[in-house]
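Here are my notes on this model, as numbered points. Please read them with the coordinates open.

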Amino acid sequence: MMHPDLNRTATVVDPVVNPAVNPVYRRRLWIHRIGIGLSFLAMSVGLFFLMWILFTLLLKGFGALSLDMFTQSTPAPGSDGGGLINAITGSLMLVGLATLISTPIGILAGVYLAEYGEKNWFAQVTRFVTDIMLSAPSIVIGLFVYAVYVANVKHFSGWAGTFAISLIAVPVVVRTTDNMLKLVPHSLLEAAFALGAPRWKVGIMVRLRAVKAGVITGVLLAIARISGETAPLLFTALNNQFYSANMNAPLANLPVVIYQFAMSPYDNWRSLAWGGALLVTFGVLGLNILSRTLFSQKIPK
Amino acid sequence: MLSASDQDAKYIASGLASKAMLATMRKQRLQDFIFHKVTFSFALSVLLVLVGIIISLIIGAWPALREFGPAFITTVEWDPVNDKYGALIAIVGTLSTSLIALLIAFPVSFGIALFLTEICPAWLKRPLGTAVELLAGVPSIIYGMWGLFVLAPLLADYVQPFLKNTLGQLPVIGQLFSGPMMGIGILTAGLILAVMIIPFIASVMRDVFEVVPAVLKESAYGLGCTKWEVVRKIVLPYTKNGVVGGLMLGLGRAFGETMAVTFVIGNAHKLSWSLFSAGNSIASTLANEFAEAESTLHVSSLFALGLILFVITFVVLSAAKIMLLSMSRNEGTK
């Protein structure tokens with residue numbers, strides 16, 4: 001009779017073949033889990049800060065939203081109530097004019113870079129410089145406009161403010177237009193050339209038209225960017241306590257008003273600052289979302 | 001060389017072209033010429049603006065640089081009353097806040113980029129990616145207000161005492177965490193800057209992680225690597241240049257941030273080892289003092305600060321661009 005133990009095969013689990021008990025593998029698995037867990041954590045931290053900021057704005061700014069805010073001008077120090085209508089109007093004028101100036105310049109410069117800029121060293125240098133200007137400190141742009149314009153005419157003005165924020169908007173439009181135009185397939189352009197179109201028609205009527213939505217995205221993103229810029233306006237357009245539509249004098253604008261009112265000791269000033277902050281942020285975020293959804297560019301085939 | 005009209009006559013005579021067609025061709029050549037020149041001039045204007053900025057900053061800063069010489073960069077005092085200026089406080093403030101921001105932002109952005117490229121399910125990628133980019137869209141002044149009214153009290157009440165009791169007790173680095181805990185100061189400014197530059201670094205890293213050829217990652221998975229090992233040993237070494245470029249881009253951004261820093265840095269012309277103390281950065285000095293500066297030396301010193309800021313930002317951003325360009329050169333490979 002066979003010994004009962006001989007009928008069984010070895011039941012010792014072999015670590016080399018079975019990963020579940022292999023100590024080296026288990027350690028690698030744990031390192032992997034910790035790494036991925038930390039990555040989840042990082043994503044949550046990012047989202048947490050976004051939610052926190054938006055929530056704070058809603059909490060503190062909602063109370064300031066009222067009909068008064070849209071009908072009255074900024075209050076004098078110490079007086080009650082007041083609104084932001086002069087700042088809102090001023091900002092709309094500044095941003096609107098800056099967009100009108102920077103959009104054609106940016107689009108045409110982008111067209112040059114895409115059309116003539118493949119091997120051209122000048123175009124490479126311009127692209128490089130544009131990308132650097134995208135991230136350049138905006139307060140230095142304010143200094144430049146002050147030195148070149150304000151110091152010479154000896155007064156702050158809305159025109160100086162418009163000039164300063166156009167300088168910030170142009171690189172955004174140039175970069176987006178250039179990137180979008182490069183996506184147009186060459187077969188489309190060659191077909192247009194084959195039909196006898198001159199270069200400018202191919203560049204504008206075929207190429208630019210194919211990426212219309214993408215270019216509009218670029219313009220919307222530029223608008224979103226310049227709506228929130230404060231630093232370049234600090235020494236160009238300055239601020240104005242009263243309602244004024246005079247572009248040749250200091251012009252009230254939301255960002256500088258928010259800056260002055262936020263750090264002040266008056267309650268109604270601080271509450272107006274939060275209300276203005278709410279307006280600016282949700283306007284900017286709305287433009288961002290709009291450009292990504294309504295105007296999202298389908299790559300032309 | 002035949003004249004234009006002789007050449008036209010030849011074409012017409014040989015039946016290759018009609019008079020109308022030649023007229024159209026000439027018109028189109030003129031239109032193309034104008035098109036080239038107009039678009040070229042607009043592209044040139046961007047370049048001219050950069051040159052103009054540098055020149056105007058140098059002209060504005062010249063009186064101060066002539067008065068103080070190279071010692072301007074190492075002098076500590078900033079005294080508008082006696083007209084004596086030195087840039088060291090502002091430079092140290094800028095560098096220290098940006099460095100703190102980078103140290104905090106690097107792991108968080110890396111985690112976010114890793115999540116979005118490797119772990120995230122496809123239907124969640126776009127909304128989460130957009131959410132991270134919305135963080136970049138929030139204007140700088142909003143960060144300043146949030147920092148001053150929401151974050152600073154929290155830091156003063158909870159975080160700073162905690163840091164003081166733990167890290168502040170250690171021998172050498174304890175000095176960094178000593179002093180009065182007001183909530184505003186270099187540490188708070190660095191923290192806010194970190195939140196501001198996270199989306200920029202994360203989006204550059206994400207673009208760069210997506211360039212890694214799938215065949216490399218699949219080979220690693222085929223050998224039995226865990227996801228983390230693939231990232232650490234395949235993705236990161238491949239995208240080294242891009243990651244460093246992204247970090248330098250974030251650093252360049254942090255150097256130039258004005259409004260957020262101005263709100264929470266405390267605006268004090270003092271140099272101190274403690275991170276809890278108030279200080280000043282170049283941008284915040286400019287924002288606070290430029291509109292009211294009176295003496296020409298004061299204005300000129302502020303211009304000199306602006307020049308220094310522009311130069312260091314330009315250098316860091318150029319280095320970032322060069323690193324990212326070397327990364328995108330590999331983009332065409334599969």
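1. A:Ser291 first. This is a predicted model. The side chain of A:Ser291 reaches the backbone oxygen of A:Asn288 at 2.8 Å. A:Ser291 sits in helix H11 of chain A, residues 267-293.

2. Surroundings of A:Ser291. Its relative accessible area is 2%, so A:Ser291 is buried, the cut-off being under 20%. Leaving aside residues up to four places away in sequence, A:Ser291 touches A:Thr217, A:Leu220, A:Leu221 and A:Ser296.

3. The interface between the chains. Contact involves 80 residues of chain B and 76 residues of chain A. Together the two chains bury about 7100 Å². Carbon and sulfur atoms account for 82% of that area.

4. Polar and charged pairs. Between chain B and chain A there are 14 residue pairs in polar contact, both residues at pLDDT 80 or more. The count of salt bridges between these chains is 3. One of them joins B:Glu133 to A:Arg292, with the closest N and O atoms 2.7 Å apart. On the side of chain B that touches chain A, helix H2 (residues 19-68) of chain B gives the largest share, 20 residues.

5. Length of helix H6 of chain B. Does the span agree or disagree with the residue count? H6(B) has 24 residues, 186-209, and at 1.5 Å a residue should span 34 Å. The end C-alpha atoms are 32 Å apart, which agrees.

6. Bend and burial of H6(B). The helix bends by about 35 degrees at B:Ile197. A proline, B:Pro199, follows within four residues. Of the 24 residues of H6(B), 20 are buried, so the helix is largely enclosed by the rest of the structure.

Methods: Residues numbered from 1 in each chain as written. Chains lettered and ligands numbered in written order. Predicted model: local features only at pLDDT ≥ 70, side-chain atom pairs only at ≥ 80, totals over all residues. Heavy atoms only, no water. Helix = DSSP H or I, 4+ residues; strand = E, 2+ residues; numbered from the N terminus. Expected span 1.5 Å × (residues − 1). Bend = angle between axes of the 7 residues up to and from the residue. Buried < 20%, exposed > 50% of the residue type's maximum accessible area, 1.4 Å probe, protein only. Polar contact = N/O pair within 3.5 Å; in protein donor to acceptor, adjacent residues only side chain to side chain. Contact = heavy atoms within 4.5 Å. Buried area = accessible area lost by both parts, 1.4 Å probe. Salt bridge = Lys/Arg side-chain N within 4 Å of Asp/Glu carboxyl O.
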